[in-house]
Structure formats: structure tokens, C-alpha cells
Amino acid sequence: MTQLIAGPLERDPAAEHLSRPDGHADRAPRARLIRFLVRRPGLVLSVLVVVLVFLAAFWPHLFTGRDPLLGVPAERFRAPGGAHPFGTDELGRDVLARVVHGAALSLKATLIAVAVAFAVGGAVGLVAGFVGRWVEDALMRLVDVLLAIPALFLSLALVTALGYGTVKVAVAVGIASVASFARVMRAEVLRVRQAVYVEAARLSGARWYAVLLRHVLPNAIGPVAVLAALDVGTAVLAVSSLSFLGYGAAPPAPEWGTLISSGRNYLANAWWLSTLPGLTVAATVLATNRIARALDGEWARHR
Amino acid sequence: MRRYVLRRLAQAVAVLWAAYTVSFLVLDLLPGDPVSAMAGGGLDQAPLDPAVLARMRHEYGFDQPVWLQYLEYLGRAARGDFGHSVATGRPVTTVIAEALPPTLALTAAALLLAVVFGAGLASYATYTPRRWLRQALLSLPGLGVSLPTFWVGLILVQLLSFRLRLLPAFGNDGLRGLVLPALTLAVPTSALIAQVLAKSLLTALDEPYVETARAKGAGPARIHLRHALRNAALPALTVVGLVVGNLLAGSVVVESVFSRNGLGRATVNAVTVQDIPLVQGVVVFGAAAFVLVNLAVDLIYPLLDPRIVAAGRRSPA
Amino acid sequence: MSELLDIRGLRVSYGTRGGAITAVDNLDLAVRPGEVVAVVGESGSGKSTTAHAVIGLLPPNARVDGGSIRFEGRELAGASDRELRAVRGARIGLVPQDPTVSLNPVTRIGDQVAEALRVHGLADRRSATVEAVELLERAGLPDPAVRARQYPYELSGGMRQRALIAVAIAARPRLIIADEPTSALDVTVQRRILDHLDALVRESGAAMLLITHDLGIAADRAHRVVVMSQGRAVEAGPTRTVLDVPRHPYTRGLLAAAPSLSVTDRVAPKHLPDGAALVTVEGVSKEFPLPRVNGGSRTVRAVDEVSFDIRRGETFALVGESGSGKSTTARLVLRLTEPTAGRITFAGADVTHARGPALRALRRRAQLIYQNPYASLDPRFTVAKIVTEPLRAFGVGDRASRLARARDLVDRVALPSSALDRRPAQLSGGQRQRVAIARSLALSPDLVVCDEPVSALDVSVQDQVLRLLAQLQADTGVAYLFISHDLAVVRQIADRVAVMKDGRIVETATAAQLFDSPRHEYTRELLDAIPGRRATPL
């Protein structure tokens with residue numbers, strides 16, 4: 001699988017000096033998975049973080065019984081402590097409740113953004129790579145242009161045209177990532193299409209649609225899926241940036257970027273207002289990136 | 001070599017034209033009436049008199065077929081005229097030119113910091129024989145790209161300005177005011193550079209030509225600098241070209257966090273009041289900056305890698 | 001005479017996730033001054049690891065567990081990196097395996113040769129530059145002054161290997177380790193380079209440790225041979241003794257399987273070339289466009305007016321070095337590329353420009369086996385799916401009957417039926433090639449094109465696969481178009497042979513004629529270049 005993530009590589013030089021075993025020593029898959037995870041506590045933690053975010057998005061009451069919108073004036077600016085683990089804000093609202101309830105909005109925006117990028121970019125790349133000729137040229141020039149416009153500028157232009165709101169921001173972020181998906185998808189389709197086994201399938205008499213569905217797509221989709229996993233982190237950051245700038249959900253709604261933004265006015269006396277929601281965002285992005293890296297080859301190499 | 005330069009130049013012009021077209025498509029064709037938006041000065045103000053709107057439509061040429069509008073605007077843009085800001089009535093090019101200097105200072109400082117930190121970290125992490133130190137250093141870039149930029153800015157302000165009172169938190173004044181914003185903007189960029197350089201350094205160190213050098217009896221420093229780094233610098237250089245666009249766009253967030261004046265601030269204001277000509281101008285400017293920097297990178301490339309120019313001339317055996 | 005290099009009881013292991021794997025086990029090996037010692041073995045035998053252990057260039061996860069490596073009386077096992085650096089390059093030179101990737105791509109050739117002198121302080125900047133040119137000349141590189149200013153990509157593989165030889169001999173080392181120095185090169189180039197290396201070593205009085213998988217090369221070049229298998233030296237002694245009276249069964253197996261050393265041993269019975277023509281190729285040419293230069297478009301003729309025919313049930317071999325056009329010719333026969341000129345018929349029908357139904361009919365009757373079995377099998381498919389794919393594509397039978405056919409085919413290529421559920425990554429190289437062979441036979445074709453089918457395999461596996469191909473031909477009457485660079489392999493299986501050079505066929509003859517009385521000069525050159533000819537008189 002193509003390496004999409006720049007990071008420390010695990011190398012196995014022994015493979016070049018020793019003949020490969022014939023693979024008759026299959027270990028039980030479950031034991032292998034457990035072994036794999038036990039050696040990677042960071043990965044286990046990451047999966048846990050993502051599970052928590054999902055739970056918070058769908059069942060916020062598992063984590064907090066408080067109303068994210070209801071302020072208690074008597075409890076303004078309480079520092080983090082027993083009753084309020086994340087403290088309270090300027091209206092006496094519980095920050096933890098706001099972060100937990102904000103997960104739904106942020107997760108929704110993230111998933112929309114990734115889905116748009118994956119669907120549109122993947123389709124463009126697949127068509128370009130498989131059809132070739134002038135279609136490929138035209139599509140890839142368009143992709144070059146989208147790459148040349150800095151992603152945030154492109155998102156801002158789309159927000160200008162579409163207007164404000166969580167969904168619109170999500171679409172704008174998604175469109176801005178279309179180009180990289182198209183590139184990876186095309187590169188993978190081209191790589192697989194030139195693979196000897198695809199020619200072998202063609203020589204065996206397989207028709208073009210069978211080649212596309214049975215060989216090209218299944219072998220090309222892996223790196224694109226990894227990119228999607230990686231793009232989750234990027235999208236969380238981009239969506240929160242745009243809502244930090246004030247283009248996301250309208251003010252009382254507790255979107256993560258908005259929370260950080262509204263806390264900045266009280267930096268000097270209530271550090272937790274920005275810091276703790278920000279840590280939540282950072283933890284989520286770190287976790288999804290770690291999982292993406294595991295998908296990108298680490299597991300395959302382990303096998 | 002001249003052919004190479006000419007080809008790159010032609011490509012740059014083509015990308016600029018296409019960037020203009022894309023921004024035109026996005027901003028002028030998507031649903032929503034630009035004139036009422038412009039006249040209203042934002043989304044949340046009272047609608048205007050229909051007669052005024054009709055006059056404005058005519059003035060801006062919105063009553064003409066789309067392709068005529070496009071050609072008209074494209075012709076003007078080619079002469080350097082991107083229209084007038086709706087909010088202030090001043091030429092878009094003037095607004096951008098005025099907002100640019102502080103942003104350029106910010107991005108240049110951030111790029112310098114990012115390259116120094118990123119390259120330094122990657123080189124040292126792959127050089128040190130201490131395994132734990134290498135692992136620790138190599139995990140930093142992954143952290144750097146995961147932090148929201150604006151949050152990093154707020155944390156820095158909290159620590160260095162409010163707690164330690166070392167540096168000013170807000171505003172444009174002088175070099176001291178530049179430190180925190182540049183540092184903030186440099187964090188994700190240096191992380192990206194470090195990631196790419198570390199990966200290509202590790203790959204290069206695994207190449208057979210490094211073994212050849214070892215077999216000559218060359219020491220680790222020589223191998224790292226003369227052999228690995230020279231080959232690994234190429235992908236890292238490409239990344240530096242790519243991140244310049246991100247730095248420019250990142251100024252939007254950072255200038256907003258630190259209340260600095262500049263292109264980013266101007267962009268935020270333009271988006272907020274739906275100042276379409278100005279947003280379009282910023283988008284095309286961003287693409288132009290990206291294209292120019294990458295043109296420069298493309299021209300530096302052959303100096304570092306002798307194979308590049310030859311690629312057009314002969315196919316490898 | 002005292003030993004120059006004396007390895008005693010060497011043990012090296014690799015730490016992997018599955019635990020430590022022993023790569024070299026209790027190895028004894030000695031090299032005297034001026035002597036050429038060959039270490040022969042198949043991949044995984046530990047021969048390369050041994051070479052790397054000597055100069056302390058083992059990969060990070062490898063460890064010397066025991067034993068001693070004494071060189072010029074100094075102990076190298078466990079020596080510090082600083083001590084080893086003084087030995088590497090200066091006292092021991094290394095000629096690496098693959099010249100195409102062993103030179104730094106962004107540094108000039110001359111500087112890379114000069115570096116070998118500079119790191120040991122044997123020359124200053126100016127004199128190193130001059131000496132580098134002299135060294136390149138000694139290594140047999142034409143126009144050394146020009147080459148010194150060029151970059152690796154501007155040199156051919158053979159020239160790069162000469163540059164690497166210049167690096168290895170620069171500091172006048174007492175021992176040269178040559179790790180498969182020519183396995184990446186064409187046979188004629190291989191021979192010239194080995195001749196030159198031989199001469200250089202002899203005139204300088206240095207010793208050479210020659211690592212090779214090719215018994216023929218060892219037979220030609222070495223005074224003494226050490227045969228390694230699974231990390232152990234199974235046999236060692238003077239070359240003649242080992243080759244003439246091998247004592248260990250492994251050596252005997254290796255000798256029997258080595259195509260270049262077993263002249264009389266054909267794997268296939270000879271066919272009488274009297275069958276009807278299955279394929280006729282008449283004056284076929286193929287031109288490829290070159291990248292445009294200054295607006296002008298040029299083409300290169302990969303195949304130049306080639307004519308031959310393949311008869312039913314025979315094995316017709318196309319032999320040539322890389323770039324001779326033999327693979328392109330095979331692809332033309334299969335209609336994987338469009339010929340520029342000429343005519344190709346298959347079973348009487350003109351298929352030169354076949355498309356649509358006619359092309360599908362051809363696909364059904366002509367199949368291909370690739371050089372790299374791993375690349376030609378979809379990594380996501382099971383063996384059962386791979387073997388039945390041609391049947392599926394042509395709608396032959398239902399699911400159950402196709403599976404029955406797969407079982408039968410897998411059995412025919414001598415794989416256990418448990419292999420049906422495995423994926424390519426779980427099979428060895430030889431097993432993968434068997435799967436590819438099974439797939440090619442699924443539709444009972446008339447012709448199978450074998451494009452270097454055994455050159456990616458170890459010799460003992462090579463032998464098995466060749467025998468399998470011969471057996472299948474006897475059973476099914478299929479004709480083979482056998483593409484190979486290796487005349488020794490061709491000799492074992494082909495009925496008729498065509499020799500290609502620069503896109504043309506220079507000679508076509510029956511195998512017996514070609515090997516006994518070659519007419520064309522190039523054919524003779526190819527025959528002479530087969531390693532092992534000196535040792536075993538024909």
C-alpha cells in the first residue's frame with residue numbers, strides 16, 4: 001500500500017536478507033489482533049477517544065446531565081473542579097456539558113466534509129484514471145487549480161457564496177479537500193491499472209467492467225480510505241477554524257470552534273474556557289491521525 | 001533548460017487563468033443574489049429598494065448573459081483590474097496591496113521558523129543514535145499537525161503574555177509583536193516539513209548508495225549530510241513550495257487571534273459582509289502566490305537534482 | 001601461509017517480531033592473500049549476511065551472536081564503529097550487488113570515487129580528483145575524464161558497476177568483497193566485468209571474497225568454494241574438488257539443478273519439428289515514439305521485421321539480452337500491442353489487427369506466464385479465484401464445475417488442494433509461479449507464452465518449474481513461446497531457438513544446431529558468456 005503518511009517508518013531489513021517463510025505459520029487472527037494492539041497502547045487510547053466522541057455525539061446524557069444552554073448566574077466562572085470538571089463560562093453554563101453536546105455538531109460537520117471530499121474526489125479520480133485521454137487531462141488540470149488555491153481561501157469563498165451554518169461550512173471544507181482525493185484516487189487507479197495482474201486478467205478474457213470492479217477498484221480503494229481517515233483530522237481542524245472565525249453554528253450552539261472562540265475574551269481570568277475545548281479538539285485529531293497511520297500499512301506490515 | 005523554464009511559465013499562467021475562472025464560478029454563479037447581498041452589506045440587514053437593485057445590477061453587468069460577464073471580468077482581470085470593493089468602494093488591488101506588508105512579514109517569519117525547526121528536528125532525530133530520543137523527537141510532528149492553530153495562539157498568549165508578560169499579546173507593533181503570531185503559524189508548518197524530511201531521510205539512509213558510502217569508510221556525519229540529506233532535501237523542498245499557500249491562508253486565523261491588521265483580517269471582513277470582488281481578488285492572489293513560489297521551487301530543483309532537466313531530453317535506459 | 005581473513009564459528013541472527021532468526025550458524029571460512037574464494041548459495045542461505053558481517057555493515061536488527069572474524073590479525077567482530085571505519089574502504093573494498101541503485105544519484109561519478117580516498121586521508125581535494133580519473137580508467141571505463149564529470153543516470157548499468165569497482169579498489173585494499181556483483185547485468189556485460197575484476201585483483205595481489213548464487217560463476221573464477229545452505233557451510237574445498245566430487249547432497253542437488261553446468265540434462269524430450277504451424281509471424285515491426293526533442297518526433301524500432309513460426313506442441317524460444325525486443329515480440333503475438341508493420345496469423349486466422357470477438361477468441365487460445373509470479377496475481381484473490389478467473393470470464397461451467405476444474409489444475413501443477421484458499425502472499429515464489437501456470441492452462445489453450453518464467457526463482461526451484469512445464473506439454477500438447485535471456489535455461493527446454501539482437505532475429509535454428517554449431521557471431525558470444533563453460537568442457 002502506498003505510504004500516505006510521512007512518519008517514522010518501521011523497517012524490516014531482515015526481509016531482504018532472509019527468504020520469506022512460506023506463510024504456513026498462520027496464527028489465529030484474534031490472537032494476532034490482540035498482539036498488535038497490546039504493543040501499541042497509543043493506538044488503543046486513540047480508538048477509545050474516537051469511541052467516546054461518537055458516544056458523546058449520539059448519547060450526550062451518558063456523560064453529563066446538565067443542559068448545555070442553561071446558565072446559572074450564581075455559578076459564573078467556576079474553575080474546573082468536582083461539580084464542573086471543565087468549569088463554567090461567563091453565563092454560568094457547564095463547559096463540559098457544552099463540549100459533550102458540541103460533539104454532535106462537530107462530528108456531523110466532519111463526516112459531511114469527509115463524505116463530500118471522498119465521493120466527489122474519488123469519482124473524479126476514478127474517471128480520470130480509468131478513462132484516460134483528454135478526460136483525464138481536463139479533470140486533472142481542474143484538480144491542479146483547486147490545489148493551487150489555498151484550502152482555507154477556497155472554503156472562505158464557498159462560505160461567502162453559500163452563507164453561514166454548520167452544513168454549509170462542512171460542504172465548503174469538503175470541496176476544499178476534493179483535489180487531494182482526486183489525485184490519490186487517480187494515482188492508485190493508474191498504478192493498479194498498470195499492474196501485471198490486471199493485464200493478466202485482461203489476457204484471461206475478463207471484460208473491462210469486470211477488470212474495473214474485480215481488480216482495479218478493490219486494489220485502489222485502500223489508500224483512498226486511508227486518506228479519508230486522515231482527512232477526518234484535517235476536517236475537524238478546518239471546520240473548527242471556520243467556526244472560530246464565526247461562520248459556523250449560530251452563537252448559543254456549542255460547536256467546538258465556537259466554544260474556543262467565545263472563551264478568548266476571558267483568557268486572562270478563565271483559562272479553562274478556551275483551553276479545555278481546544279484540548280478536546282486536539283485529542284480527537286491526534287486520535288484519528290493515529291488510527292489513520294495504523295490503517296496505512298502498519299497493520300499490513302505486522303501481518 | 002530554456003524550454004523547461006518556458007514550459008513552467010506557461011503552466012503558471014494557465015493555472016492563474018483557471019483559478020480566476022473557478023473563483024468566478026463559485027462566487028458569481030452559486031445561488032444567492034450577489035447584488036442584494038452586496039447592497040445589503042451582509043446577511044442581516046434590511047432589503048433595499050428594487051429600483052436601486054436594478055440599477056446596481058446594470059452597473060455590475062449582472063443583467064448580461066453569464067459568459068459575457070465572465071469575458072468582461074476576465075479581460076479586466078488580465079489588465080490587473082479586479083473591480084472595486086463593495087464595502088469600501090476602493091479598488092480591490094489597492095486594498096490587497098495595502099493589507100499585504102504585515103501579512104508578508106508574518107508569513108516570511110513563520111516560513112523561516114518552520115524551515116529551521118522542521119529541518120533541524122528531522123535531521124537531528126534521524127542522526128542521533130539514541131533510540132528513545134529519536135522516537136520522542138519523531139513523535140513531535142504528529143502532535144504539531146493535530147493542534148488547532150488558533151488554539152495554539154491562544155495558549156501562547158495565555159502563557160507568554162498574560163502569565164509571564166514577556167511579549168505583547170495583540171497588535172501590529174514591531175518585531176516583538178511578530179514573535180507570537182509567527183510562532184503560532186510556524187507550528188503546523190514546521191511539523192509538516194519535519195514529517196516529510198524525516199521520512200525521506202529514513203528512506204535515503206536505507207538506500208544502497210548509503211551502504212556504498214559506508215563501505216568506503218565514511219563516518220556518520222558525512223553520510224548524513226553529503227549523501228542522505230542531499231537526496232532527502234528534494235521532497236522536502238516540494239513541501240515547502242506547497243505550504244506557502246497554507247501559510248498565507250493561515251494568516252486569516254492567526255491575524256484574527258492576535259488582532260493584527262493584514263490580508264487575513266481584510267479577508268475575514270470581506271467574507272462577513274459578502275464583499276464578492278474582494279474575496280475573489282484574495283482567492284486569485286492566493287493562487288498567484290502559490291504558483292509563483294512553486295515556479296521558484298521548480299527552477300531551484302534542477303540545481304539540486306541533475307536528473308530533472310534531463311528527464312525531458314532523454315529517457316533513462 | 002597465514003590467513004588474511006579467518007572466520008571461526010560465526011553466528012548471526014536477526015531479531016524479528018516472531019523471535020530471533022538465525023541467518024548464519026557456526027560458519028568457518030578462511031581467505032588467504034591473493035586468493036579468490038566463492039561463497040555459493042540460494043537466497044536465504046546467509047551468504048550476503050556473512051559478507052556484511054565482515055565489514056560490519058549488518059542491518060540494525062541483526063546481531064553477531066558469537067564467533068570471531070579476524071582480518072590481518074585484528075578482531076572485527078565486536079569492533080567499534082570507529083575501528084571498523086578505518087578498515088572499510090581502506091583495507092576491505094566492497095563491490096555491491098545492484099549498480100543501478102548503489103551510486104548516489106545527485107553526486108558526480110568522479111566525486112564519489114574520490115570520496116573513497118578522501119575519507120581515509122589518502123589524497124587532498126585536488127589530487128583525489130586526478131586519481132579518481134585514473135581509477136576509473138583502471139576499472140575499464142572508456143573516456144574516464146568525461147565520465148568523472150557525469151552523474152550516475154547518464155551511465156549504463158555496466159559502466160556504473162565499473163565506477164563502483166573503481167570505488168572498491170581506490171584505497172588499494174587487501175580484500176575485495178564482491179556481493180553478487182553482476183547479477184543485475186546482461187550476460188555479455190557480466191562476463192566482461194568479471195574478467196576485468198579478476199585481472200585487477202590478480203595484478204594488485206589482493207584477495208577476493210565472491211558472493212554468488214551462480215555455481216557457474218564460482219566454477220570459472222574461484223580457487224576455493226564454500227557452499228552455504230540455511231546459514232551453514234555444507235561443503236568447502238578447492239573448486240575442482242567440490243564441483244567434480246561433491247560430497248554433500250545439497251551441493252549435488254545444486255549442481256544437478258544449475259542449468260549452466262548440466263549440459264546433457266534436458267528436462268524436455270526433443271520434439272521433431274514437423275507439426276503444423278500454429279502461429280506465423282511475418283515481417284513484424286514495432287516502433288515506439290521517443291519523447292519529443294526540440295519539436296521533432298523520433299521513434300525507436302523495438303522490433304525490426306521479425307519473422308518466425310511456432311508449430312503445434314513445440315517449444316520455440318526467443319533469446320536475447322535486455323532491450324533486444326524479445327518481450328515486445330511476445331506481446332505482439334498476444335496482441336497486447338499493435339504492430340507497426342507485418343502480419344501475424346494464429347491457427348490460420350489473421351489476428352494482426354483482431355478486435356472484438358476475434359480478439360476474445362484469441363485470448364481463449366493463447367495465454368501468458370509472466371516473469372514475476374507475485375506481480376501477476378491479484379493480491380486480494382485466493383488461488384481458487386485466480387485459477388478460475390479465465391473460466392468465469394468466458395462463462396465456462398457453473399460455480400461448482402469451475403471449482404472442480406480449479407482443484408484439478410492445482411493438482412496438476414503439484415500444489416496441495418489446501419492451497420486453493422490461500423492468497424499469493426502466503427505462497428513461496430515457486431508456488432506462485434505454479435498458480436500462474438495453472439491459470440494459464442485453465443482454458444486448455446493452444447499456446448502459452450512464457451516470458452522469463454523462471455528467472456525470478458532460485459535454481460533448484462527453476463529446475464522444478466521447467467520440469468513441470470515440460471510435463472504439462474507432454475500431457476496437453478500445448479505449444480510454448482519461451483522468452484529468456486538465459487541460454488542455459490533455453491538449452492534445457494527449447495526445440496527451436498531464435499536469437500534476437502537490437503530488434504532483429506540474427507539466427508534461428510533447432511536447439512541442437514544452435515548450441516553445437518552456432519553460425520552467427522553474436523550467438524557465439526552469448527554462448528561463450530554462459531558462466532561455467534570454462535570449468536565444464538562441452
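1. Contact here means heavy atoms within 4.5 Å. On that rule, 27 residues of chain B touch 31 residues of chain C. The model is predicted: local features need pLDDT of at least 70, side-chain atom pairs count only at pLDDT 80 or more, and totals for chains, interfaces and linings use all residues. Residues are numbered from 1 along each chain as its sequence is written, chains are lettered from A and ligands numbered from 1 in the order in which they are written, and side-chain values use heavy atoms, with hydrogens and water left out.

2. Chain B and chain C bury about 2,500 Å² between them, with carbon and sulfur atoms giving 57% of that area. Buried area is the accessible area (1.4 Å probe) that two parts lose on being put together, summed over both. On the chain B side, the residues that lose the most area to chain C are Ala215(B), Lys216(B) and Pro306(B), together 24% of what that side buries.

3. Two salt bridges are counted between chain B and chain C, a salt bridge being a side-chain nitrogen of Lys or Arg within 4 Å of a carboxyl oxygen of Asp or Glu. One salt bridge pairs Lys216(B) with Glu115(C), with the closest N and O atoms 2.9 Å apart. Lys216(B) is also among the three residues named above for area lost to chain C.

4. There are 12 residue pairs in polar contact between chain B and chain C, both residues at pLDDT 80 or more. A polar contact is a pair of N or O atoms within 3.5 Å; within protein, one must be able to donate a hydrogen and the other to accept it, and residues adjacent in sequence count only if both atoms are side-chain atoms. Helix 9 (208-215), helix 10 (220-257) and helix 13 (307-311) of chain B each give two or more residues to the side that touches chain C. Helix 10 of chain B has the largest share, seven residues. Helices (H or I, at least four residues) and strands (E, at least two) are DSSP runs, numbered from the N terminus.

5. By class, the side of chain B that touches chain C has nine nonpolar, seven polar and 11 charged residues. Ala, Val, Leu, Ile, Met, Phe, Trp, Tyr, Cys and Pro count as nonpolar, Asp, Glu, Lys and Arg as charged, and the others, Gly among them, as polar.

6. What does chain B present to chain A, by class? The side of chain B that touches chain A has 36 nonpolar, 11 polar and four charged residues. The contact involves 51 residues of chain B and 44 residues of chain A, and the buried area is about 4,300 Å², of which carbon and sulfur atoms give 74%. Phe150(B), Trp151(B) and Lys199(B) supply 15% of the area that chain B buries here, more than any other three residues.

7. In the model, residues 137-158 of chain B are 82% helix and 0% strand, with end C-alpha atoms 25 Å apart. Residues 278-304 of chain B are 100% helix, and their end C-alpha atoms are 39 Å apart.

8. For chain A, the UniProt record (unreviewed entry) lists "domain: ABC transmembrane type-1" at residues 107-292. That span is 83% helix and 0% strand, and its end C-alpha atoms lie 17 Å apart. The "transmembrane region" annotation of chain A includes residues 143-163 and 169-185. Residues 169-185 of chain A are 100% helix, with end C-alpha atoms 24 Å apart.

9. Chain C has an open sheet of four strands in the order 2-1-4-5, with antiparallel pairing. Strand 2 (19-31) and strand 5 (74-75) of chain C are at the edges with a single partner strand each, so one side of each has no neighbour in the sheet. Two strands pair if DSSP finds at least two bridges between them; strand 1 (residues 5-16) and strand 2 of chain C have nine, in the antiparallel sense. Thr16(C) stands opposite Gly19(C) of strand 2.

10. Elsewhere in chain C, strand 11 (residues 277-289) runs antiparallel to strand 14 (residues 341-346), joined by five bridges, and Val281(C) stands opposite Ile344(C). Strand 14 of chain C is also joined to strand 15 (residues 349-350) by two bridges, again antiparallel. The hairpin of strands 14 and 15 of chain C has two residues between the strands, and Ala347(C) takes a positive phi near 50° there.

Notes: UniProt positions are given in the numbering used here, feature names are shortened, and annotations may be inferred rather than shown by experiment.
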